[in-house]
Structure formats: structure tokens, C-alpha cells
Amino acid sequence: MINHKLVLSRHLLLEDYDKETKDRVIFNSQTGKRVKLSKEALKILEYFRTPCSTCELFEMVGVDHEKDRLLLKNIILTLVNENVLVRSSEEEQINIYNLLGGTNLVKPEKTFANCPFSKISDIALNSVAIIGIEIDFATTGKPGTRFGPFKIREASNRFISYDRDIFTLQNRGWFNADLNCEILKGVPFSDLGNIRCAMSENPSVIYDRCQNVAAEVFKAGAIPVFLGGDHSITAPLIKGYIEVFEDALVLIHFDAHTDLGEWSDNLPHHHGTMEM
């Protein structure tokens with residue numbers, strides 16, 4: 001950290017301000033983290049409006065004693081851990097999505113069944129990974145399925161909760177009334193968030209992102225559960241699977257139709273076809 005140049009994250013928002021102490025609560029809109037900063041910490045942050053290393057900071061503020069340097073380093077380390085400061089080098093540049101562990105994912109407002117939010121790099125082998133895809137621009141009917149991931153997560157929190165043993169951290173499972181037994185006992189769950197997308201983006205770019213995320217999760221050895229979103233997300237997710245497992249694919253399709261229809265020459269891509 002000493003030699004790395006650090007810079008303020010682009011995603012910091014002022015959430016609260018104490019007029020008496022001048023303390024501020026800063027919220028990172030992409031990671032969901034909050035940190036309370038004193039006016040002394042804010043003075044330090046001023047130096048990181050432009051990329052600056054810890055060594056350069058020592059020189060600028062005139063810190064010579066080792067005890068003072070250690071104190072300053074600990075403050076900077078805390079700011080890095082809270083994603084207030086991020087590395088500015090090209091290969092480690094923190095953008096909208098890679099703060100969250102992997103490429104192209106942003107934290108959801110709620111996680112599925114209150115399970116832990118996780119980075120792709122931290123998910124356990126054979127765990128269930130929840131991923132939302134908030135798009136409905138391919139629908140030919142009434143839009144609104146982009147709210148699906150949020151609504152599914154919201155509903156899950158009303159009826160079930162991810163219950164882990166306080167000692168082993170193992171999932172205790174859920175009781176299934178039809179089977180009269182606990183199901184998914186010991187199977188870890190994590191919520192990876194939503195695939196990043198913006199209404200102004202080219203849809204093909206978003207589909208490429210869906211494919212990349214799917215491939216990453218499969219490579220990590222997890223079992224992804226994707227929450228849509230309109231039907232057009234199927235094709236890139238299948239491509240992501242094939243990218244990892246080649247032709248080892250069995251597709252079980254539950255629907256009233258096959259999503260392979262061609263309704264119009266002017267609509268080569270829509271939610272009624274998975275072809276891309």
C-alpha cells in the first residue's frame with residue numbers, strides 16, 4: 001500500500017453531516033458500505049483528490065516520526081478497507097463493478113432470504129449463487145420484469161430466512177411441508193448481486209456481460225440461480241455454460257412455448273426467441 005497510488009472512489013455520497021463535530025457519514029453507492037469520517041480524516045482525504053501514494057502523503061504533510069507515520073498508515077488502511085480510497089493503477093482501477101469481486105456485479109438492496117452478499121472469488125464450491133438480471137428491453141408486451149430480481153428477493157425475506165448454525169456456519173436448511181423434511185441442509189447460499197446494466201447501453205454489451213458472469217460462476221464451481229428479467233437472458237447464460245463445459249449441457253425447458261419464434265423480420269431479437 002505504501003507505493004501504490006490511491007485515489008478517492010468515484011461512488012462516494014454524503015449521507016449525513018454533524019454540524020457540531022463536522023463529522024460526516026459517507027456512503028459508497030456501489031458497495032453499500034458506510035463510514036463515519038472525522039474532520040481530521042477529511043483533511044487527509046483532500047490529498048487523494050488526485051492519485052497519491054502513502055510516501056508522497058508523508059512528504060506533503062511533513063510526517064517524520066515513525067509513530068506518526070504508523071498512525072497515518074492505519075487511517076489510510078481503514079479508508080482502503082472501507083472502499084473510500086481505491087488504487088488508481090490501470091490494472092487495479094476500481095470501477096462500478098470490480099469493488100464487488102468480480103466483474104460486472106453490483107450489490108442488491110436486499111439479498112435472497114437474507115443470505116450473505118458475496119464476491120464471486122469468495123463463494124464456496126458447490127454453493128448456490130443468486131444473481132439478478134434487471135432487464136426487460138426485449139419484451140414485446142408490457143415491461144416491468146426488470147423489477148423481478150428485487151421482488152423475488154423481497155418476497156423471499158417475507159417467508160424464509162437463511163439460517164446458519166452459529167458454531168459451524170452451516171446452512172440448517174428449510175422445512176418443506178410437502179416432503180415433511182428439511183431440504184438443502186448444509187448447502188451454502190450467497191447472493192452475488194445484480195449484473196450491471198444501464199438503460200442507455202447497447203443490449204449486446206449487457207448480454208456479453210451476462211455471459212461473462214455466468215462463465216465466472218461456473219468456473220468457481222458454484223450453482224447459479226439467475227433471476228430475470230425477460231426471456232432473452234437465456235441465450236447468453238447458456239453460452240456462458242458452454243464456454244466452461246463445452247457441449248456437456250442438458251436443458252430442461254418449462255414454458256408454454258420454446259422461445260424460438262420469429263414474429264417479424266423487423267424484430268430479429270425479442271423475448272420470444274433465445275437466438276442471438
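Which helices and strands each supply at least two residues of the lining of the largest pocket? I began my notebook with this point and found α5 (203-219), β11 (223-228) and α6 (234-245).

**Entry 1: the model.** I noted that this is a predicted model, in which local features need pLDDT of at least 70, side-chain atom pairs count only at pLDDT 80 or more, and totals for chains, interfaces and linings use all residues. Residues are numbered from 1 along each chain as its sequence is written, and side-chain values use heavy atoms, with hydrogens and water left out.

**Entry 2: the whole protein.** I looked up the secondary structure and found six helices and eleven strands. Helices (H or I, at least four residues) and strands (E, at least two) are DSSP runs, numbered from the N terminus. Of the 276 residues, 37% count as buried, where buried means under 20% relative accessible area, exposed over 50%, and partly exposed in between (1.4 Å probe, protein chains only).

**Entry 3: the largest pocket.** I recorded about 560 Å³ of space in the largest pocket. A pocket is, on a 1 Å grid over the protein atoms alone, an open set of points where a 1.4 Å probe fits, with protein on both sides within 12 Å along at least five of seven lines; lining residues have an atom within 4 Å of a point. Grid points are joined across faces, edges and corners, and the volume is the space filled by probe spheres set on the points. The lining has 21 residues, and F226, I233, T234, L237 and L251 are the closest to the pocket's centre. I saw that α6 gives the most to this lining, with four residues. By type, the lining divides into 13 nonpolar, five polar and three charged residues; Ala, Val, Leu, Ile, Met, Phe, Trp, Tyr, Cys and Pro count as nonpolar, Asp, Glu, Lys and Arg as charged, and the others, Gly among them, as polar.

**Entry 4: the sheet.** I traced an open sheet of four strands in the order β6-β10-β7-β11, with mixed pairing. Its edge strands are β6 (105-106) and β11, each of which pairs on one side only. Two strands pair if DSSP finds at least two bridges between them. I found five bridges between β7 and β10, which run parallel, and six bridges in the parallel sense between β7 and β11. Two bridges join β6 to β10, and these run antiparallel. I then checked β7 (128-133) and found six of its six residues buried. V128, I130 and G132 point one way from β7, while A129, I131 and I133 point the other way.

**Entry 5: the largest nonpolar core.** I counted 21 residues in this core, and those with the most contacts inside it include L105, I131, V217 and L237. A nonpolar core is a set of buried Ala, Val, Leu, Ile, Met, Phe, Trp, Tyr and Cys residues joined through side-chain atoms within 4.5 Å. The largest share of this core, seven residues, comes from α5. Leaving aside neighbours within four places in sequence, L237 is in contact (heavy atoms within 4.5 Å) with I133, C210, A214, F218 and F226.

**Entry 6: the backbone.** Most residues other than glycine have a negative phi, and most peptide bonds are trans. I noted that the bond from G228 to G229 is cis, with omega near 15°. N126, in the loop between β6 and β7, has phi near 65°, a positive value. N126 is partly exposed, with a relative accessible area of 49%.
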